[in-house]
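User: Please take a close look at the metal site in this model. I would like the ligands, the geometry and the place of the site in the chain.

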Amino acid sequence: MSDDSSADSAQRYEKTAAFAWTERAFELLESGRLRAEIRQPRPGVLASHVWGRCPRCGHDIDDWQPLSAVTGLTGSRQPGSTTRDTTDVEPVDINCGCGTVHSGAPADITGCGVSFRVELEPVPEGAAPERE
Ligand SMILES: [Zn+2]
Ligand SMILES: [Zn+2]
């Protein structure tokens, strides 16, 4: 018997973007079970890397997404953004990509269907992030 509860692995597929999963993802990030970093695979190219536990089904996910609206690009401000207070963080929407076929999922669809938002903080060059 494993000490890691497997109750969550029986989650049925459900397409959901409920904010509760974003909150859960934040808790997992705080506890280190989910990790998120901005990487630079090539000079001038930034990508988000989010890996660890899916906040809904608990399976491992490994998500890479190119970031196009970060530094180095001008004139690409998104017209839909409402505030400019969060320009220091890069919100990335993650879809569960655990690779497991959950019951109730459409054909050829893996993952539990959840999508959630992770905010990545670019690490300033030569500066350690401060925590309160
Ligand atoms: Zn899963
Ligand atoms: Zn999942």
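**The zinc site**

Analyst: His-102 is buried, because its relative accessible area is 4%, under the 20% cut-off. This is a predicted model. His-102 gives its NE2 atom to the zinc ion (ligand 1). The four donor atoms subtend angles of 100 to 120°, so the arrangement around the zinc ion (ligand 1) is tetrahedral. Along the chain, its donors follow the spacing C-x1-H-x38-C-x3-H. The pair His-59 and His-102 links distant parts of the chain, 43 residues apart. His-59 sits in the loop between strand 2 (45-53) and strand 3 (60-67). His-102 sits in the loop between strand 4 (90-95) and strand 5 (115-120). His-59 also counts as buried, at 17% relative accessibility.

The zinc ion (ligand 2) lies 3.8 Å from the zinc ion (ligand 1), and Cys-57 coordinates both. The protein donors of the zinc ion (ligand 2) are the SG atoms of Cys-54, Cys-57, Cys-96 and Cys-112, at 2.3 to 2.4 Å. Angles of 105 to 114° between the four donor atoms make the zinc ion (ligand 2) tetrahedral too. For comparison, the ideal angle for four tetrahedral donors is 109.5 degrees. The donor spacing in sequence is C-x2-C-x38-C-x15-C for the zinc ion (ligand 2). Here the pair Cys-54 and Cys-112 links distant parts of the chain, 58 residues apart. Cys-54 is in the loop between strand 2 and strand 3, and Cys-112 is in the loop between strand 4 and strand 5. Both cysteines, Cys-54 and Cys-112, are buried.

Terms used. Residues are numbered from 1 along each chain as its sequence is written. Chains are lettered from A and ligands numbered from 1 in the order in which they are written. This is a predicted model: local features need pLDDT of at least 70, side-chain atom pairs count only at pLDDT 80 or more; totals for chains, interfaces and linings use all residues. Side-chain values use heavy atoms; hydrogens and water are left out. Donors are N, O and S atoms within 2.8 Å of the metal (3.2 Å for Na, K and Ca); water is not among the atoms, so sites may look incomplete. Four donors count as tetrahedral if all angles lie between 85 and 135 degrees; four count as square planar and six as octahedral if opposite donors are over 155 degrees apart and all others between 65 and 115; anything else is irregular. Helices (H or I, at least four residues) and strands (E, at least two) are DSSP runs, numbered from the N terminus. Buried means under 20% relative accessible area, exposed over 50%, partly exposed in between (1.4 Å probe, protein chains only).
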